[in-house]
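Colleague: I would like to go through some of the labels used for this structure and hear what each one rests on.
Modeller: Go ahead; bear in mind that the model is predicted.

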Amino acid sequence: MIHANPEPIQEPDWQAELRAANLRSDALLAALGLPASLATDVAAFPLRVPPGFLARMRHGDPDDPLLRQVLPTVAEQTAAPGFCADPVGDLDAVVEPGVLRKYRGRALVMTTGACAVHCRFCFRRAFPYGDQAGVDPERLGPILAGLPDVDELILSGGDPLTLADRRLFALIAAAEAVPRLRRLRLHTRVPVVLPTRVTEALCARLAASRLAVVVVIHANHPAEFDATVDAGLARLRDAGATLLNQSVLLRGINDDVATLERLATRLFAAGVLPYYLHMLDRTAGTAHFEVDDASAIGLHRELVARLPGYLVPRLVREVPGDLGKQSLEREAGRP
């Protein structure tokens, strides 16, 4: 008997999906059966959402928690006291173009200004990526040589996983060539919003690294997960990466204890540990997402009462110039 050779398995074209993420708000709303009047296009920070993430939104529901994270609305045009372009002091932390130092032992590289999705609450929506992104891999070694206490490199942006393999792998190789470095951390929303980017080639490269790899994903609601996300995260785990999640506490999206509890348990089911629950960074145009401190502390205390400690993320805010993230639980008098 002659057996037919199976067709070779091809990697999904994640770059085509990334290109398809650019669309107008009226097209997004039409796909969900919603009126175009719900949104307004913002030229300075346009709508961007991959088809796979759009497919997880509830049809006909203007309050869908995934839709609310990406849909530009007129609320963004309302000025609010205390909200500014650089709420976390990124520009003050620049030590070389595209390289930030905020905390001891770590350096952060702005790999790109591109993201797979534009979250409307983004704290870097006004960041000057034209001047501060795209560090050349050949420059990375000499830059790190001037930062002798750094043993962990963070690839951020934008989103480092929007880079083509050639560019991303060159940055990883440059980091590996610095003997002092021990850990490589990637901050990325891509495994959640564009899981096809988690390819065999990417995972093989991470698995081959001499550095301990930590991938910090960003999910805010349990509805962001589906089988494709689970599969991508499993591939990262199989590559030896430690998986953590950081969320942002967002009014009308995840500011209730039941949602936060489901998010924590859904993360753990996907092999990810809850890491941080961030207070909103007060970026201009995002005030409608803010949850007040008292409500946030109350929600976190309820979460502590419902979940084992390893599933409870730390409730924090970033304060420019501080030596680390500020704990709201400590502010409230709890250890």
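Colleague: Which residues are exposed on the other side of helix 6?
Modeller: E138, P142 and A145. Exposed requires over 50% relative accessible area.

Colleague: Which residues of helix 6 are buried?
Modeller: In helix 6, residues 137-145, they are P137, L140, I143 and L144.

Colleague: How do you know that the buried residues line one face of helix 6?
Modeller: Viewed down the helix axis, they fall within an arc of 100°, so they line one face. In general, an α-helix has 3.6 residues a turn, so residues three or four places apart point the same way.

Colleague: What do the buried residues of helix 6 pack against?
Modeller: Strands 1, 2, 3 and 4, and helix 7 (165-176).

Colleague: What makes D136 a cap of helix 6?
Modeller: A side-chain oxygen of D136 lies 2.8 Å from the backbone nitrogen of E138, at the N-terminal end of the helix. The cut-off for a polar contact is 3.5 Å, and the distance of 2.8 Å is within it.

Colleague: Why is E224 called buried?
Modeller: Its relative accessible area is 0% and the label needs under 20%, so E224 is buried. E224 sits in the loop between strand 6 (212-217) and helix 10 (227-238). Its side chain makes a polar contact of 2.8 Å with that of R189.

Colleague: Why does F268 count as partly exposed?
Modeller: Its relative accessibility is 42%; the class lies between 20% and 50%, so F268 belongs there.

Methods. Residues numbered from 1 in each chain as written. Predicted model: local features only at pLDDT ≥ 70, side-chain atom pairs only at ≥ 80, totals over all residues. Heavy atoms only, no water. Buried < 20%, exposed > 50% of the residue type's maximum accessible area, 1.4 Å probe, protein only. Helix = DSSP H or I, 4+ residues; strand = E, 2+ residues; numbered from the N terminus. Arc of directions from axis to C-beta. Contact = heavy atoms within 4.5 Å. Polar contact = N/O pair within 3.5 Å; in protein donor to acceptor, adjacent residues only side chain to side chain.
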